[in-house]
Amino acid sequence: MSEQLVIHPVAGFYLGATQAKIKKNGKTDLVVIELAPESVTAATFTLNAFCAAPVTVAKQHLQRVTPKALLINSGNANAGTGEQGLHDALESCQWVADELGCSREQVLPFSTGVIGENLPMEKMHLGIAQACANLAITGWEDACAGIMTTDTVPKMISRQIDIGGHSVTLTGISKGSGMIHPNMATMLGFVATDAKITQACLQKCLSDAVRVSFNRITVDGDTSTNDACTLTATQQADMPIIDSVESPEYHQFAEAVKEAMTELAQMIVRDGEGATKFVSVQVEGGKDEKECLQVAHAVALSPLVKTALFASDPNWGRILAAVGRAGLEALDINAIEIYLGDVCIVEKGGRAQSYTEEAGQAVMNETDITILIRLHRGEAAETVWTTDFSYDYVKINAEYRS
């Protein structure tokens with residue numbers, strides 16, 4: 001997050017945070033968000049079969065009623081906790097409901113942190129009361145701090161956009177640094193807007209944005225049990241309601257949301273645990289999106305490629321091997337071109353004639369690196385963003401629970 005970021009509060013979106021002592025380090029770890037009565041919320045959730053109790057509860061609540069509040073805690077994932085975890089998530093929602101005067105089903109719970117431990121309910125109860133007492137539309141920075149775990153920097157976007165001649169605010173936060181290979185969204189993300197838009201349009205907007213932003217990042221290939229992303233529209237802006245996905249206003253809004261979520265997603269990669277490189281893996285000329293992503297993920301998830309990136313070693317053979325094992329049918333290796341930045345490293349089935357170790361080394365010495373793979377099989381193109389693997393990645397995760 002840029003130090004110069006101007007945070008634009010979203011009318012009708014109130015955030016309160018506190019130190020509930022859930023985290024061992026005593027930092028901010030519990031957030032309550034209250035939504036204006038007219039608000040609508042869209043959400044996406046992890047597809048991990050061992051999804052956390054709050055994911056199960058939030059999905060159930062969202063299907064039944066329109067949310068009036070969000071509850072987020074960090075330091076404990078409430079995942080792998082069985083029936084007790086579900087009971088604790090529901091009881092936490094009830095405590096928020098009691099504070100804000102709504103029903104339990106109108107509260108969506110979210111958790112992030114260590115898996116397999118029960119929520120400290122006494123701390124949750126006291127923390128919820130404290131967070132509700134702190135509710136304000138200016139509470140974004142404290143809320144951003146409250147959802148962080150191994151993150152080293154806060155991740156926030158905020159902008160005012162023009163939709164059909166009307167000013168609309170879009171502000172959001174996310175967290176994530178490790179266990180990043182989303183299959184819906186990111187670790188946690190909460191974005192709000194004062195736009196007037198129907199729930200159906202909002203859900204399509206979020207789902208489409210997630211597909212090309214949070215679902216295009218990978219740090220370590222691990223899909224979390226707790227991934228969730230919400231987009232709330234408080235309906236407070238002075239504008240006609242967006243009620244058709246065919247309208248110019250919808251397309252303007254959807255493009256702004258996609259750009260904002262792509263920025264948040266890339267912040268997660270840049271803050272990847274132990275990361276020293278930001279790597280874009282671009283695949284062009286695929287038959288379809290699926291095979292482009294197949295190749296991109298084969299490269300982005302390769303431990304050998306990622307460790308070579310950390311060492312700034314132009315070991316192009318590792319990239320070639322990853323492309324070859326991606327599993328594409330009838331792959332013509334002689335048609336493939338692979339580039340490090342603007343340096344061609346592979347063509348006609350082997351090392352490019354023009355390639356020199358010095359040119360490859362110059363690219364690998366950079367902090368931001370692009371790996372471009374041209375398949376020459378079709379018109380599809382996709383990009384995945386990833387990191388290198390450093391000594392610190394192992395250290396951070398080896399010591400995570402200590």
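Thr367 is partly exposed, with a relative accessible area of 49%. In the terms I use today, a residue is buried under 20% relative accessible area, exposed over 50%, and partly exposed in between, with a 1.4 Å probe and protein chains only. Thr367 lies in the loop between α10 (357-364) and β15. The helices (H or I, at least four residues) and strands (E, at least two) are DSSP runs, numbered from the N terminus.

Please keep in mind that this is a predicted model, in which local features need pLDDT of at least 70 and side-chain atom pairs count only at pLDDT 80 or more, while totals for chains, interfaces and linings use all residues. Residues are numbered from 1 along each chain as its sequence is written, and side-chain values use heavy atoms, with hydrogens and water left out.

Which residues does Thr367 touch, not counting residues up to four places away in sequence? They are Thr276, Lys277 and Phe278, where contact means heavy atoms within 4.5 Å. The C-alpha atoms of Thr367 and Leu309 are separated by 9.6 Å, and these two residues are 58 residues apart along the chain.

A salt bridge is a side-chain nitrogen of Lys or Arg within 4 Å of a carboxyl oxygen of Asp or Glu. How many salt bridges does the structure hold? The structure holds 13.

One of them joins the side chains of Asp368 and Arg270, at 2.9 Å from N to O. Asp368 is in strand β15 (residues 368-374) and Arg270 in helix α6, so this pair links distant parts of the chain, 98 residues apart. Asp368 has a relative accessible area of 42% and is therefore partly exposed. Arg270, at 45% relative accessibility, also counts as partly exposed.

Arg374 is partly exposed, at a relative accessible area of 27%.

A further salt bridge connects Asp271 with Lys155, with the closest N and O atoms 2.7 Å apart. Why does this pair tie together parts that are 116 residues apart in sequence? Because Asp271 lies in the loop between α6 (248-270) and β11 (278-286), whereas Lys155 lies in strand β6 (residues 155-163). Are these two residues buried or exposed? Both Asp271 and Lys155 are buried. Finally, Arg211, Arg216, Glu289 and Glu382 are linked in a network of salt bridges.

I now come to the helices. Two packed helices are described by the angle between their axes and the distance between the axes. The axes are lines fitted to C-alpha atoms, for helices over the stretch in contact, and angles run from 0 to 180 degrees between N-to-C directions. Angles under 35 degrees count as roughly parallel, over 145 as roughly antiparallel, 65 to 115 as roughly perpendicular, and the rest as oblique.The axes of helix α5 (residues 199-211) and α6 come within 9 Å and cross at roughly 40 degrees; the two helices are therefore oblique to each other. The contact is made by residues of α5 including Cys201, Leu202 and Cys205, and by residues of α6 including Tyr250, Phe253 and Met261. The crossing of α5 and α6 is right-handed. A crossing is left-handed if the near helix is turned anticlockwise from the far one by less than a right angle, and right-handed if clockwise.

Helix α8 (residues 303-310) and helix α9 (residues 316-324) have axes that come within 9 Å and cross at roughly 155 degrees, and they are therefore roughly antiparallel. Their crossing is left-handed. Leu304, Val305, Thr307 and Ala308 in α8 meet Arg318, Ile319 and Ala322 in α9.

Helix α9 also contains Trp316. Not counting residues up to four places away in sequence, Trp316 touches Ile345, Val346, Arg351 and Tyr355.

My last topic is the cysteines. A disulfide is a covalent bond between the sulfur atoms of two cysteines; here, the cut-off is a pair of cysteine sulfur atoms within 2.5 Å. How many disulfides does a search of the whole structure find? It finds zero. For Cys132, the nearest cysteine sulfur is that of Cys102, 9.1 Å away. Cys132 is buried, with a relative accessible area of 11%. For Cys344, the nearest cysteine sulfur is that of Cys292, 18 Å away. Cys344 is buried, with a relative accessible area of 11%.
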